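Thanks for coming. I will go through one structure this morning, and I will keep it short. Please have the display open while I talk.

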Amino acid sequence: MNNIWGSMEQYDPVVWNWIIAVYLFMAGLSAGSMLVAIGLKWYKKNRGLPTEGLPVIKAAAIVAPVSISLGMALLVLDLTKPFEFYHILLNYNLTSVMAWGVLALLVYIPLVFVFAALVFEKQVLKYAPWLAGILKVCRLLENSIHKLIFVLAIGVGAYTGFLLSALISYPILNTAILPALFLTSALSAGSAGNVLVATLFFSKEKSDCIDQVHRIEYPVAFNEALCLVLLFVGLNFSGPAAQGALSAITQGVWASVFWIGVVGLGLLVPVLSSIFAPKSWRHTKGFLITVSCSTILGVLALRHFVVYAGQSYIS
Amino acid sequence: MTKRYVLVHDENKCIGCQACNVACRSENNVPESVTRLQVRIEGPYGNFPNLHFKYNRVSCEQCENAPCVKVCPTGAAYVNDDGIVSINENKCVGCLYCVAACPYKVRFINPETRAPDKCDFCKDSRLARGEQPACVTVCPTQALTFGDANDLNSEVRKVLDTKPSYQQKVNLGTEPRVYRIPSRRGGIKA
């Protein structure tokens, strides 16, 4: 504190920290995992193929509820008044993206647990036979529940982007690309998370339906790369403050996180490995685990990059 | 008629003495680690021998279109009837969305209440008693003018109608209620 006007500590533009970045990742992971699993279910159904007991769907029934619950726990603990968080459930200011998120999550989270309970119905009934009646009703509504989860998952994936793009004074955050970027990267995290858990715990045969999940990875990676290009090209044309923010990818520690984590681990490793890896590797456990971990780390790096580099440049 | 309180900071009269800063802390019992108001001394600007410092008042701008109020999920951040951007601590959960959304970075978490805090033109104390905010009263060079801009006979109205002024970050559409009379001294960037 050398200035006569006092400490500048409270004026740090980086207000939200890694906990928010991890929450944004967890919410995206959960939403992406649901979108992939429900999409796969519809894909199989349309072709008259069986959908019960698919490893990827079982994996999603674990990944989605666990990640959103951990994410919510982090979010609540990060509040300055965690024991008064119930106010956010009682009061809604509808101009606030956070309020939209609360509303979406309020329906999404219970439905994800219903999804999981239906996938693991036998196991659930073994430990909680009193749930039989409710599960029966849910089973009857299963198709509608899936449609609703699918829409809400898009909402949850996109709202995390709008949450940040509503912060008008940060050029990197205040763009319409951000929700699209978050939604596509949520899909890559979700499919990688599903493949990882399916490979580790549920897969009996080598291919199962991991193949189909793999197939969406190309277009998703392409979209993610496109969003990143649009984001930075757009910044270049949006005035001096936005141009200044471009140094986020050329200078400092967040530039390294961007090139090594987001581009390297998140995009290059998965795409190049599926082009160049020998065929005999492709469905080995080791390969699938390595590639999906790399994708997940890439998306985690993206959320950190957006939160920290995004807040570091203020107009 | 509704109130439209505005504050004018004359950067030609200000000497950067921080009397306002200290008076604010004392009047509003602001904890030592945080501050509602500071006057940053920036520069020097211009070229020798025409050098000068700029006095930048940093405090809540009382935006007429306040980003903090728009993003608050619970409505704890709100605009009061008198146009002053206010905080209902009981509704606040401490998500920091308003702190992040403020383009002027003048919101902070008060370590005692765990809720956001900032300048409120002394509305519950001095303003309620019909007095001027502490910073305005204490300023030794009368660099600050405060009042209701909707009152056609008010001092602020006269100052803003007769002198050039600017507001910070108008491009963001926040419509700040803190007006600044720019320094008369010039200087091209070296």
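**Backbone, core and contacts**

I start in chain B, with Asn29(B), which sits in the loop between helix H1 (19–28) and E2 of chain B. Before going on, please keep in mind that this is a predicted model. Asn29(B) is not a glycine, yet its phi is positive, at about 50°. In general, most residues other than glycine have a negative phi. Is Asn29(B) buried or exposed? Asn29(B) counts as exposed, because it has 9 C-beta neighbours inside 10 Å, and the cut-off for exposed is 12 or fewer.

Phe121(B) also has a positive phi, about 55°, although it is not a glycine. You will find Phe121(B) in the loop between strand E7 (116–117) and helix H4 (134–138) of chain B. Here the count is 24 C-beta neighbours inside 10 Å, so Phe121(B) is classed as buried.

Next, the peptide bonds. Most peptide bonds are trans. The bond that joins Gly43(B) and Pro44(B) is cis, with omega about 5°. Pro44(B) belongs to strand E2 of chain B. A cis bond also runs from Phe48(B) to Pro49(B), and its omega is near 5°. Pro49(B) lies in the loop between E2 and strand E3 (50–58) of chain B.

Now to how the chains meet. In the contact between them, 30 residues of chain B face 26 residues of chain A. Which elements of chain B give two or more residues to the side that touches chain A? They are strand E2 (38–47), helix H2 (67–71), helix H3 (97–101) and strand E6 (108–109). H3(B) supplies the largest share of that side, 4 residues. By class, the side of chain B that touches chain A has 18 nonpolar, 7 polar and 5 charged residues.

In soluble globular proteins, nonpolar side chains tend to be buried together. In this model the largest nonpolar core has 148 residues, and those touching the most other members are Met34(A), Val56(A), Ala60(A) and Cys68(B). Helix H1 (residues 18–46) of chain A gives the largest share of this core, 15 residues. Leaving out residues up to four places away in sequence, Met34(A) touches Ala60(A), Ala64(A), Val112(A), Ile149(A) and Ala153(A).

Leu111(A) is in helix H4 (residues 97–119) of chain A. With 19 other C-beta atoms within 10 Å, Leu111(A) is partly exposed, because buried requires 20 or more. Not counting residues up to four places away in sequence, Leu111(A) touches Ile145(A), Leu148(A), Ile149(A) and Leu152(A). For a sense of scale, Leu111(A) and Ala255(A) are 38 Å apart in space, C-alpha to C-alpha, and 144 residues apart in sequence.

Last, a helix pair in chain A. Two packed helices are described by the angle between their axes and the distance between the axes. Helix H8 (residues 177–202) and helix H12 (residues 285–312) of chain A pack at an angle of about 150°, and their axes are 8 Å apart. The crossing of H8(A) and H12(A) is left-handed. Among the residues in this contact are Ser185(A), Ala189(A) and Leu196(A) from H8(A), and Leu288(A), Cys293(A) and Val299(A) from H12(A). The contact of H8(A) with H12(A) divides into 11 nonpolar, 6 polar and 1 charged residues.

Key. Residues numbered from 1 in each chain as written. Chains lettered and ligands numbered in written order. Predicted model: local features only at pLDDT ≥ 70, side-chain atom pairs only at ≥ 80, totals over all residues. Contact = placed C-beta atoms within 7 Å. Nonpolar A, V, L, I, M, F, W, Y, C, P; charged D, E, K, R; others polar. Core = buried A, V, L, I, M, F, W, Y, C linked by C-beta atoms within 7 Å. Axes fitted to C-alpha atoms, helices over the stretch in contact; angles between N-to-C directions. Left-handed = near helix turned anticlockwise from the far one by under 90°.
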